[in-house]
Amino acid sequence: MPRLGSLSAEALPLPRWRLDVRRLAVDALPVGCASTAAAFYAFVSIYRHDRFATGGYDLGIFDQTIWGYSRFAIVRNTVKGVPNLLGDHFHPALMLLAPAYWVWDDARVLLVAQALLLAVASLPLFWWARPRLGVTGATAIQLAFLGFWGLLAGMIFDFHELAVAVPAISFGLYALLERRPALFWPMLALGCLAKEDVALTFAAMGVYALVVQRRARFGLGVIGVAGAWFVVTLGLIIPAISGHRYHYWDYPSLGRSWTRAPLAVVRRPWRVAAALVDKSVKRTTLTATFGAWLFLPLGSPLLLVAVPTIAERFLAGNPAFWSDRFQYSLPIAPILAFATVDALSRLGRFRAVAATAVLACGLVLSIAVVRPLHGLSGYMSAARAGKIDACLDRIPPQASVAASGALVPHLTHRPQIDPLFREEHDAYLAVAGRTGRDPGYRRICRGGGVTVLRRS
């Protein structure tokens, strides 16, 4: 008879209630991590907004349009200066956020929604990692995702429609890898309706299913649906709404229009590949992007899914795309996280240790190197922000306003709100900084460095 000390923990009988408690604790762990992250994201975002660190681009733009949706209307987006924001980028999925305004009619509801969406995207990552890396490894990867500098940079840059795409991509990848088409197809629809170019990411998932998983019918179906949606959206839907061709094409290395890009790739693939790393800032951002995951995604075939996102970002002629700021790292974050899990699952007994190393490296980059949250302590005081709010409250809810950039998202719940540089004889002006007596306007309030004027 073996001694008690020689028996493994699994061999010892445990009371059923203890097994249930353990199971519930493990099941609740990823939800607790995601909830804590969501609370942190929301706090930081609202803190920035309350101290006038958000701007008309992009929070003010989206707030005015979704505020219109909450009133069952498609309002002219006067912040962007377009009749219908769907003709700028096609993101009807944002209509799903409109009911939140019935609970809290405030621009900050978008910041809370974004915090929840980004945090929820970490759940399928834990679920897929747990049987491959164990609870410790899965938790480390989930926390690495939640603390990834690219996710934090997107969170702190106001609000963006890509926040809706992140959970769609994450759940879509989980459904793809677990072969759950009933979950995958709704996620494809949500992603495609979040922003037109997300269709390319799902098309790449179809390539993965075709090449790696050898699911020919499913893969070809995904490629066909996502590819057709991309072409129809850019070629027909957006031009029909806006009245002109799709104008977000800034890829000189791929030709003068998006329809010529495939031909450029076929004819000059070496030039296209070289353009990905032809600037030092591109190389730096790519190094930080993969370095946060110890470059493990490079060893996973799941990197196929990231190809459209990488190409779209680093082949662009606009230097803002190459930066480690803004929202441009959001769609690639779940892809890199899943690819890291895939690579770690091949490391045998060192998987949990390696996952912990990934978490440590990612946090070092987020806290000490890239530092997307740097500058939070430099915002204006709550007392000064209160004085500005008191002045802005002097403007009637339906009055037309022209405002400085930082004031715009505090005034977008109205049909007419213009950036100050595009003032169109609005009834009120809200100006940050010193201002003289504008002809035709008289001052009604000054506080916190902001002046509010009313047209005489």
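**A helix pair and its surroundings**

Modeller: In this predicted model, helix 7 (residues 162–177) and helix 8 (residues 181–194) have axes that come within 8 Å of each other and cross at roughly 155°. Angles over 145 degrees count as roughly antiparallel, so helix 7 is roughly antiparallel to helix 8. The crossing of helix 7 past helix 8 is left-handed. On the side of helix 7, the contact is made by Val 164, Ala 165, Pro 167, Ala 168, Phe 171, Gly 172, Tyr 174, Ala 175 and Leu 176. They meet Leu 183, Phe 184, Met 187, Leu 190, Gly 191 and Ala 194 of helix 8. Sorted by class, the residues in this contact of helix 7 with helix 8 are 13 nonpolar, two polar and no charged.

Two packed helices are described by the angle between their axes and the distance between the axes. A second pair can be read in those terms. The axes of helix 13 (residues 280–291) and helix 14 (residues 307–314) come within 12 Å and cross at roughly 150°. That angle makes helix 13 roughly antiparallel to helix 14. Here the crossing is right-handed. Helix 13 contributes Lys 282, Thr 285, Leu 286 and Phe 290 to the contact, while helix 14 contributes Ile 310, Arg 313 and Phe 314. By class, this contact of helix 13 with helix 14 has four nonpolar, one polar and two charged residues.

Next come the strands. Strands of a sheet pair through backbone hydrogen bonds, either parallel or antiparallel. In this chain, five strands form an open sheet with mixed pairing, in the order 2-1-3-5-4. Strand 2 (417–419) and strand 4 (441–447) stand at the edges with a single partner strand each, so one side of each has no neighbour in the sheet. On average, and with direction ignored, neighbouring strands of this sheet are turned by 20° against each other.

Strand 3 (residues 428–432) pairs with strand 5 (residues 450–455) in the antiparallel sense, over five bridges. Within this pairing, Ala 432 stands opposite Val 450 of strand 5, and Leu 429 has Leu 453 of strand 5 as its bridge partner. Strand 4 and strand 5 also run antiparallel, and six bridges join them. Arg 442 has Arg 454 of strand 5 as its bridge partner, and Arg 443 stands opposite Leu 453. Strand 4 and strand 5 form a hairpin with two residues between them. Gly 448, in the turn, has a positive phi of about 65°.

Finally, the whole chain. The protein chain has 17 helices and five strands. Its radius of gyration is 24 Å, close to the 23 Å that the globule rule gives for 456 residues, so the chain is as compact as a globular protein of that length. Along its principal axes, the C-alpha trace spans about 95 × 60 × 45 Å.

Key:
Residues are numbered from 1 along each chain as its sequence is written. This is a predicted model: local features need pLDDT of at least 70, side-chain atom pairs count only at pLDDT 80 or more; totals for chains, interfaces and linings use all residues. Side-chain values use heavy atoms; hydrogens and water are left out. Axes are lines fitted to C-alpha atoms, for helices over the stretch in contact, and angles run from 0 to 180 degrees between N-to-C directions. Helices (H or I, at least four residues) and strands (E, at least two) are DSSP runs, numbered from the N terminus. Angles under 35 degrees count as roughly parallel, over 145 as roughly antiparallel, 65 to 115 as roughly perpendicular and the rest as oblique. A crossing is left-handed if the near helix is turned anticlockwise from the far one by less than a right angle, and right-handed if clockwise. Contact means heavy atoms within 4.5 Å. Ala, Val, Leu, Ile, Met, Phe, Trp, Tyr, Cys and Pro count as nonpolar, Asp, Glu, Lys and Arg as charged, and the others, Gly among them, as polar. Two strands pair if DSSP finds at least two bridges between them. The radius of gyration is taken over C-alpha atoms; the globule rule is 2.2 Å times the number of residues to the power 0.38.
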